[in-house]
Amino acid sequence: MTRVVFRNFTGGEVTPTLSARYDLQKFGSFLQCCENFIPNLHGDIERRPGMRFIAELGGKSVLIPFQFNTEPENNYVLIFREGSITVAGADGLLAGVSIKNPYALDDVYALSTAQAGDIVYLAHKNYALRKLTRSGTAPDYAWALEEVALNQSIASPAAPTVTFVRDNPDDNASLNYTLRYVVTAVNADGVESVASAVGSTSGKYPTDWVVGNHVNLAWTAVEGAEEYNIYRESAGYYGFIGVASGKDATGGTLTGLRMGEFTTGIVKYSGSITRHIVISNGATTGIPPRPVEDKDETSPLNVIASQSQNAFLIDGKLFVWTEKTTTKEVWRYVQEWDPDSGADLSHWTSDTTVTTDKFWAMADCPSDNPAGTYAAYQTGSLGSNTAYPSGTVGAFTVHPVFSAGTTLHFTDQNFEPDTATTPKEDWNPFEDGNNPATVAFHQQRLVLGGTKDDPASFFMSRTGDYENFRKSRPLQDDDPVEYMLASGSIDEIRWMASFGDLLIGTSGAEYKATSSGAAITSSDVQISVQSYWGSSGLAPLIIGQSVMHCQRSGSHVRDLYYSWESDGYAGNDLSLLAPQLVESHHIMQWAFQQSPGSNIWAVRDDGVLLCLTYMKEQNVYGWSRHVTQGKVLSVAVISGSQEDVVMLVVEREMGGVKKYFLERLAGRFRDADGIGDAFYVDCGLTSRQETASDTVGGLGHLEGADVVALADGSPVEGLTVTDGAVTLPYAAKVVTVGLNYVSALSPLPLETDTQQGATLGKRRAYGKCVLRLYRSVGGKYAATEPGDLFDVEGWKGRTVYDLPFLPEKYGEACQPFSGNIEISLPSGQDADTSLWLMQDRPMPFRVVAIMADVDFGEV
């Protein structure tokens, strides 16, 4: 009798056609069934955690992650439903968030997304490019979805008035050369407008100017402009010659104040504050004493109507010019004697000074009538102009608004035009419905590709200005990039990923985009093919040093990683060993959970949740299937406090009605967790009460369903939810209730070469078996029967035997067990005999190794 050991399960579930490939190095780690078990990186295998109920969604939904950073409080999922978008964290829906959803729900699966800070860009070839933004401060964030308006800036100035001035009595040369100028406006964020219309005048060629010659330019100010750039034509280009500050504007009439998107007019109010300071210097204890105490009292801000003073009310904020009067009273003791009588005339006296400060103050004012007192106000840096505030106070920035007519001036003293810096020209390759299908970020640029009219082209924004595609003339290094992938066919761009190089997946091949220098520029793009597998539209996943993508046919999953040997990218088909899991199906969505187990969770079109345990460095990749009472429709992963959180949308049938739930995969059962913390039910909740009770409520979402429970660490079966509650056979404090699910695994039948030849086709029987378990409670086992090798659900019809799970004393918790359990497998003499291991109670089950004595027959 031969002793065999199954001690590595990282191969996961494989195709039955590998059952004879015992020549493969990984053969001993293959499983013929791995349902609701997760292969771990160390080689052991454990039951997947349950799914924790979060909210009922009211309809079919698709998730997209929103990850501002790795802090859990800045991680959300965007929940797309027909007609609306809501937002949820790991613990529940955000109240009051509902955004109009323009996308058909089936199209959300094909959305390409890329996030930068509080903005998520969304691309789909059937829809205009959009962005979802989060603004404000926690917890009252505002969420909005809008179309991306490219090349937005403040308005360009009108054509400047241009005058050539001789200013030299000896200069009488003819003015036979046309001097041409344009002006651009620049806002506070440094965004520059397009150029104005050309302003021109007759003058002299710049090299012919003499002392005194200059050109005067004048133009009308643009609202919101902080400065203006001036350009002069030279050799057919307009080169930069200087800057004019918006503060130097003359003329115009003040009409109001601007704060963000809000503009207001002028109201007439003034503010005043008084401060009284007394420094007694001991005046209350002197001889004779004076009734004076030290004090420093400041009055609230008092606002009254004033016909002569401007004030501004804007978005609930009052800006008022304020005069603060400070009276300072300092007491001192004066020693003095009568020169005639010698009488002591010493006494206390005070010196009083009055000072005045004037400044702009901001206060919250929800009323249209600001007259009154304000205990709280802010000053900030709003300037000293009595007519209007300008600057920043707290989180608010304001600027005055002037009526048309304000004039700017600039004098050209024959400055040399810098044609390396030219005004930008509008360019929008996405007009007229030419929507991009993919979006990414690379080298501080927004990258868009796969448009309707140019499916094999990609476009990159200006450096550091994601929504700006304006071009310089001639082109500069920071200008937008346009490139069409040249191949034998027009292959649609399906995905893009920044991975050192810009990797591009098309329907026919995979490319990398680089440059001969440090970064891709408008004039330096180098494209090379890395493979010819072709990609589906599923968004790629970046995992360590690899990029995961799906082939265009059969949803085969491949990795792509840099190979020093080939100085390019190579990859493997990670579905090669388990093609039955993907070939007849389509992967709808996937997400990567880095912690705790390096797992890719993939939603299949039939609602089965697949898991790929993957670590390239250790050559680990093993698949498992995860089945629940319903269909998984969507998956997303966000950062959590202890591990990454897997968020799910699950369709379940309750009382004959389809319902849609937002659920999250519970955390792994950690070494520090007690059995009462175990969570191995689906769509479940945990009730924690100070006083033990035999009733658990709050289960309305499971009304009418048959459920199981873990009550104070012991399993309870045969429960039904009635009126949103279940009744336990005994009182408990910590109870987890939910839908049951079964975890099942079975190794491939043992095959090897012996002195008597290959074991293939030989009958074999299992004698004594030893299971090495870790922190497990209970479980079941059974022998396989002929045909189970080709049936992953063969365990359903088998005679099963319980592993020990009862507590030492009734009513106590079932404590996790670590160690060896010996079993006898009642197997027959079959050519493909193996064993089944199962867990169908709401408790943990983790297998480290399976040891068995196997007796091989002669035939």
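**Reading charges and cysteines**

Tutor: Asp432 has a relative accessibility of 80%, so Asp432 counts as exposed. Exposed means over 50% relative accessible area, buried under 20%, and partly exposed in between (1.4 Å probe, protein chains only). The areas come from the Shrake-Rupley method with a 1.4 Å probe, and only the protein chains shown count as cover for residues.

Student: What kind of model is this?

Tutor: This is a predicted model, where local features need pLDDT of at least 70 and side-chain atom pairs pLDDT 80 or more, while totals for chains, interfaces and linings use all residues. Residues are numbered from 1 along each chain as its sequence is written, and side-chain values use heavy atoms, leaving out hydrogens and water.

Student: Where is the place of Asp432?

Tutor: Asp432 sits in the loop between strand S32 (407–412) and strand S33 (438–442). Strands are DSSP runs of E, at least two residues, numbered from the N terminus.

Student: Which residues gather in a patch of negative charge on the surface?

Tutor: Asp432 gathers there with Glu431, Asp453, Asp454 and Glu482. Such a patch joins like charges within 9 Å, from residues with over 30% relative accessible area and no salt bridge. Asp and Glu count as negative, and the charge is placed at CG of Asp or CD of Glu.

Student: How many salt bridges are there?

Tutor: Side chains of opposite charge can pair when their charged atoms come close. The rule asks for a side-chain nitrogen of Lys or Arg within 4 Å of a carboxyl oxygen of Asp or Glu, and the count comes to 39. One of them joins Arg332 to Asp351, with the closest N and O atoms 2.8 Å apart. Arg332 lies in strand S27 (residues 317–334) and Asp351 in strand S28 (residues 347–364), so the pair ties together parts that are 19 residues apart in sequence. Arg332 is partly exposed at 41%, and Asp351 is partly exposed at 36%.

Student: Is Arg604 buried or exposed?

Tutor: Arg604 is buried, at 8%. The side chain of Arg604 meets that of Asp606 in a salt bridge (2.8 Å, N to O).

Student: How many disulfides does the structure hold?

Tutor: A disulfide is a covalent bond between the sulfur atoms of two cysteines. The test is a pair of cysteine sulfur atoms within 2.5 Å, and the structure holds zero.

Terms used. Patch = residues over 30% accessible without salt bridge, like charges linked within 9 Å, V, L, I, M, F, W, Y side chains within 5 Å. Helix = DSSP H or I, 4+ residues; strand = E, 2+ residues; numbered from the N terminus.
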